[in-house]
Amino acid sequence: MSRTRNNRPAPYDPPRCWVGNKNKVCYPDQETAEMSARLVEAEHGLAANSLTCYRCEYGNHWHLANSSPKNRR
Ligand SMILES: [Zn+2]
């Protein structure tokens, strides 16, 4: 069992915004959001690509969402 190294940069407090009744982390662009999606998947032991990113309808930034088959758009 190999240990994954924690290579992330220093923690920071990301901006968030309210989407419905959820306080979601905002990512400045798609690239960052996708990168974070892969990190969160790894951290939580989720299947690859189980998270997806989408552009926020309230601002010029991106959020992560579960891409479960039930919720397909
Ligand atoms: Zn937003």
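Residues are numbered from 1 along each chain as its sequence is written. In this predicted model, local features need pLDDT of at least 70 and side-chain atom pairs count only at pLDDT 80 or more, while totals for chains, interfaces and linings use all residues.

User: In what order do the elements of the protein run from the N terminus on?
Analyst: Helices (H or I, at least four residues) and strands (E, at least two) are DSSP runs, numbered from the N terminus. From the N terminus on, their order is β-β-α-β-β.

User: In which sense do strand β1 and strand β2 pair?
Analyst: Two strands pair if DSSP finds at least two bridges between them. Strand β1 covers residues 16–19 and strand β2 residues 22–25, with four bridges joining them. Val19 stands opposite Lys22 in β2, and the hairpin has two residues between the strands, with Gly20 at a positive phi near 65 degrees. The sense of the pairing is antiparallel.

User: What distance does helix α1 reach from its first C-alpha to its last?
Analyst: The expected span of a helix is 1.5 Å times one less than its number of residues. Helix α1 (residues 30–44) has 15 residues, and its reach is close to the expected 21 Å. Gly45, with a positive phi near 65 degrees, follows α1. From first C-alpha to last, α1 reaches 21 Å.

User: Is Asn49 buried or exposed?
Analyst: A residue is buried if 20 or more other C-beta atoms, placed from the backbone, lie within 10 Å of its own, exposed if 12 or fewer, and partly exposed in between. Asn49 is found in the loop between α1 and β3 (51–55), and has a positive phi of about 65 degrees although it is not a glycine. Because Asn49 has 11 C-beta neighbours inside 10 Å, Asn49 counts as exposed.

User: Which residues does Leu46 touch, not counting residues up to four places away in sequence?
Analyst: Two residues are in contact if their C-beta atoms, placed from the backbone, lie within 7 Å. Leu46 is in the loop between α1 and β3, and is partly exposed, with 14 other C-beta atoms within 10 Å. Beyond that sequence limit, Leu46 touches Glu41 and Leu51.

User: Which residues make up the largest nonpolar core?
Analyst: A nonpolar core is a set of buried Ala, Val, Leu, Ile, Met, Phe, Trp, Tyr and Cys residues joined through C-beta atoms within 7 Å. The largest one has six residues: Tyr27, Ala33, Ala37, Leu51, Cys53 and Trp62.
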